[in-house]
Amino acid sequence: MRIKGRVDVEPELCKGCGLCVAFCPRKVLALADEVNSKGYRIVAQVKPEECNGCTICAQMCPDIALTVWRSGRSKEAV
Amino acid sequence: MRQVTAKPKALTNAPFHYCPGCTHGIIHRLLAETLDEFGLTENAIGIASVGCSVFAYDYFNCDMQQAAHGRAPAVATGIKRVRPQNFVFTYQGDGDLGSIGIGETIHAANRGENITIIFVNNAVYGMTGGQMAPTTLLGQKSSTTPTGRSIGEHGYPLPVSELLQALPGAAYVARTTVTSPSQIRITKRALAQAFQAQIQGRGLGLVEILSTCPVNWHMDPVEALTFINEEMVAQFPLGVFKDFDEEVARDGK
């Protein structure tokens with residue numbers, strides 16, 4: 001079974017810096033047109049089916065706005 | 001699905017006030033994860049500096065103190081000597097540690113104080129508007145060096161880690177960065193070893209972390225990471241400069 005992942009974005013914590021977008025190896029994430037209450041464009045999953053829950057986005061996020069979930073066969077993650 | 005990332009317990013729920021893309025947030029998280037992993041969150045006392053990281057006392061879920069500009073190592077010395085059972089760390093920027101606080105830093109290292117210093121080097125005074133810091137690179141433009149830093153007028157960038165490794169009281173000195181997931185892991189290993197220096201009573205542990213300041217560098221956050229990798233690392237080479245445990249120094253490179 002292929003490992004599948006999901007990224008939850010906390011919209012009020014995201015500042016739209018784009019580090020997760022630049023580092024996502026499968027181009028799952030992109031900045032959306034939607035803005036949060038501070039006026040920052042927030043990140044969204046544009047290709048959610050590609051996510052394998054590698055957690056690189058959460059490691060690069062300076063604001064701990066991303067929570068990664070994973071299913072399928074895998075050892076305990078970071 | 002199960003959750004595979006989580007906010008460390010050593011951080012409060014206060015959202016960081018840092019600018020978008022500022023790597024202070026990554027360094028806060030790494031420090032908090034290390035505190036959690038060592039089981040020190042209940043026991044630690046942190047000293048916040050003056051600068052962007054002044055509000056660190058709002059973010060860390062341990063006892064915090066805030067020191068006058070550059071005086072964090074002196075305050076940490078006092079706290080550690082009165083409460084040796086506590087884990088004591090400072091979190092300082094380059095304007096704080098490298099400029100007004102270089103005296104306190106050198107003497108704390110020379111006395112071999114059992115404290116841990118997290119030194120965030122972003123080559124400018126971030127909070128006050130991007131003025132030249134002692135660590136500003138040669139040729140780098142800042143608001144007080146609009147044509148770039150020159151040797152004749154402003155002197156050389158201050159190599160803090162290279163200076164401190166010469167002191168016998170410093171047990172662990174390393175320079176790392178957080179520009180990629182692999183560098184983040186190296187930084188976390190360095191933090192763990194600096195924690196060990198204090199836990200084992202070996203002397204001062206310092207981790208200098210090259211960090212971005214996208215706003216004052218006038219770059220977007222991804223360009224700022226490239227600037228560290230291409231320009232900053234050339235003048236501030238990464239590596240472990242001193243390790244009380246020689247084996248770790250050899251393998252950790």
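Visitor: How many salt bridges does the rule find across the interface of chain B and chain A?

Guide: In this predicted model, local features need pLDDT of at least 70 and side-chain atom pairs count only at pLDDT 80 or more, while totals for chains, interfaces and linings use all residues. Residues are numbered from 1 along each chain as its sequence is written, chains are lettered from A in the order in which they are written, and side-chain values use heavy atoms, with hydrogens and water left out. A salt bridge is a side-chain nitrogen of Lys or Arg within 4 Å of a carboxyl oxygen of Asp or Glu, and across the interface of chain B and chain A the number found is zero.

Visitor: By class, how many nonpolar residues has the side of chain B that touches chain A?

Guide: Ala, Val, Leu, Ile, Met, Phe, Trp, Tyr, Cys and Pro count as nonpolar, Asp, Glu, Lys and Arg as charged, and the others, Gly among them, as polar. On the side of chain B that touches chain A there are four charged and seven polar residues, and the nonpolar ones number 17.

Visitor: Which residue stands opposite R2(B)?

Guide: Strand β4 of chain A, residues 66–71, pairs with β1(B) in the antiparallel sense over two bridges, where strands are DSSP runs (E, at least two residues) numbered from the N terminus and pairing requires at least two DSSP bridges. R2(B) lies in β1(B), and the residue opposite is R70(A).

Visitor: Is L35(B) buried or exposed?

Guide: Buried means under 20% relative accessible area and exposed over 50%, with partly exposed in between (1.4 Å probe, protein chains only). Because its relative accessibility is 0%, L35(B) counts as buried.

Conventions:
Helices (H or I, at least four residues) and strands (E, at least two) are DSSP runs, numbered from the N terminus.
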